Amino acid sequence: MKRVTSALIMILSMASLNTQAAGSAHHSGQASKHTALAASEGVASTAKVASVALVTPVIVAGGVSLVAGSVVAEAGDALSDGLKSSHASSHHHHHQHTLIITEHTITADPAPSQVINKK
Amino acid sequence: MKSTTVYLFIIVSIFSFISPNALAGSQSDAPSQHAPEQIIKFAKDVEKYAASKGARAFIIARVGRPEKDLPEGIKFTHTAVALYSNITLDNGEIVQGYAIHNLYQQSGKANKSELVVDYPVDFFWGVHELTAGILIPSAEVQDKLIDLIASGKDKTLHNQNYSVIANPFNSTFQNCTEYTLDLLNSAIYNTQDVAQLKVNAKAHFQAQRVKTSPFKLFFGSMFMDDVTTQDHNGKVYTTTFTTIGQYLRENKLASEFITYTADGDINSL
């Protein structure tokens, strides 16, 4: 009976350890992802792995494409490329034309603690 | 002897719960189960499929664990909102693709969540199966969803208190799918009043009954930080990618509701 109780206590400890281990795996998982992506650059000929400095949703309002948080002049230039293939229908909201997608492989940067610890 | 049997039963129950096969969470850190090249290609294929449909905003889901290991009726383990975006790279180049707006569990704090923007290859990195759930709302809902997120008002809907089986009809806890539902309803009803959103969800949204062993739920709520039944009264219901899709479809607000596989197979849901 005592042995069973001990086993139960041990398992409960493992359960909490398991939860913590899953959390700390975040950084190692992210690290291995970036390493693997970097290594795969040579394999995927057209796709380059790229990190992001800024991301802004594309807004289509009143027939004019806008970048959220940007001035209109910048947005017009940036989006004229992005929505090139759907330009003909950009005068209304409900276009169903193919949008341009970059061939770059975009990835989120590693966690801050990993970036700092690498230095 | 009898009590020994009871103890052993408890131990077996706990083991069955703490195994990785229990319930799904919203982690951003799962190790890869596929070759990087496969994930890169699949992630890009999913982007191009959505782009071919002209989707500027869509709901995206992944299969993090084998379906046989999930409660009946649950196939996808994480859901988020993908927005067609201008992405400025480190070198200053501006490219177009989808940025994914997620609610993920915090690293090391499974019962807390944070909002994270990542990209398709990040999203699918740790999946069990290279299959995506794609739900493209009507153009009007897409516009409203983009406006909501671009304005930053989406963040006001975030509840840091996480439960993998959060009840969508109250605001005690929230998981990734409930956050997605809250975003959609906020966009549709043009409000960030959470109480009103919950009333509306109760009136119109059909949640997924979580059919799993009461022992698993009992011990899970005792020993796992991200599982609690505190916000449920009786049977457990939660939000899933599938129930969100059904909700939009029943309200004639879905233009595409499918699964997309690595082989390019498309199946309607």
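Predicted model: local features only at pLDDT ≥ 70, side-chain atom pairs only at ≥ 80, totals over all residues.
**Around B:Glu256**
- B:Glu256 belongs to strand β8 of chain B.
- Setting aside neighbours within four places in sequence, the contacts of B:Glu256 are B:Lys53, B:Ile134 and B:Ile136.
- B:Ser138 lies 118 residues from B:Glu256 along the chain, yet their C-alpha atoms are separated by 8.5 Å.

**Chain B as a whole**
- Eight helices and nine strands make up the secondary structure elements of chain B.
- With a radius of gyration of 19 Å, close to the 18 Å that the globule rule gives for 269 residues, chain B is as compact as a globular protein of that length.
- Along the principal axes, the C-alpha atoms of chain B fill a box of roughly 70 × 45 × 35 Å.
- Of the 269 residues in chain B, 53% count as buried.
- Looking at contacts between residues at least 6 apart in sequence, 70% join residues at least 24 apart.

- In soluble globular proteins, nonpolar side chains tend to be buried together.
- Here the largest nonpolar core has 70 residues, and B:Phe58 and B:Leu135 have the most contacts inside it.
- Helix α2 (residues 36-52) of chain B supplies the largest share of this core, with eight residues.
- Not counting residues up to four places away in sequence, B:Phe58 touches B:Ala50, B:Ala82, B:Ile134, B:Leu135 and B:Ile136.
- There is also a second, separate core of ten residues, among them B:Tyr162, B:Ala166, B:Val227 and B:Val236.

**Helices α4 and α5**
- Helix α4 (residues 139-151) and helix α5 (residues 176-189) of chain B have axes that come within 8 Å and cross at roughly 105°.
- Angles of 65 to 115 degrees count as roughly perpendicular, so α4(B) and α5(B) are roughly perpendicular to each other.
- On the α4(B) side, the contact is made by B:Val141, B:Lys144, B:Leu145 and B:Leu148, while α5(B) brings B:Leu183, B:Leu184, B:Ser186, B:Ala187 and B:Ile188.
- By residue type, this contact of α4(B) with α5(B) divides into seven nonpolar, one polar and one charged.

**Helix α8 and its surroundings**
- Helix α8 (residues 241-250) of chain B is mostly covered, as seven of its ten residues are buried.
- Those buried residues of α8(B) are B:Phe241, B:Thr242, B:Thr243, B:Ile244, B:Gly245, B:Tyr247 and B:Leu248.
- The buried residues of α8(B) pack against several elements of chain B, including β1 (57-63), β2 (78-89), β5 (129-137) and α5.
- Strand β8 (254-261), where B:Glu256 is found, is also one of the elements that the buried residues of α8(B) pack against.

**Loop residues with positive phi**
- Although B:Lys252 is not a glycine, it has a positive phi of about 55°.
- B:Lys252 is exposed, with 8 other C-beta atoms within 10 Å.
- B:Asn190, in the loop between α5 and α6 (194-204) of chain B, is likewise not a glycine and has a positive phi of about 55°.
- B:Asn190 counts as exposed, with 10 C-beta neighbours inside 10 Å.

Conventions
Residues numbered from 1 in each chain as written. Chains lettered and ligands numbered in written order. Axes fitted to C-alpha atoms, helices over the stretch in contact; angles between N-to-C directions. Helix = DSSP H or I, 4+ residues; strand = E, 2+ residues; numbered from the N terminus. Parallel < 35°, antiparallel > 145°, perpendicular 65-115°, else oblique. Contact = placed C-beta atoms within 7 Å. Nonpolar A, V, L, I, M, F, W, Y, C, P; charged D, E, K, R; others polar. Rg over C-alpha atoms; globule rule 2.2 N^0.38 Å. Buried ≥ 20, exposed ≤ 12 C-beta atoms within 10 Å, placed from the backbone. Core = buried A, V, L, I, M, F, W, Y, C linked by C-beta atoms within 7 Å.
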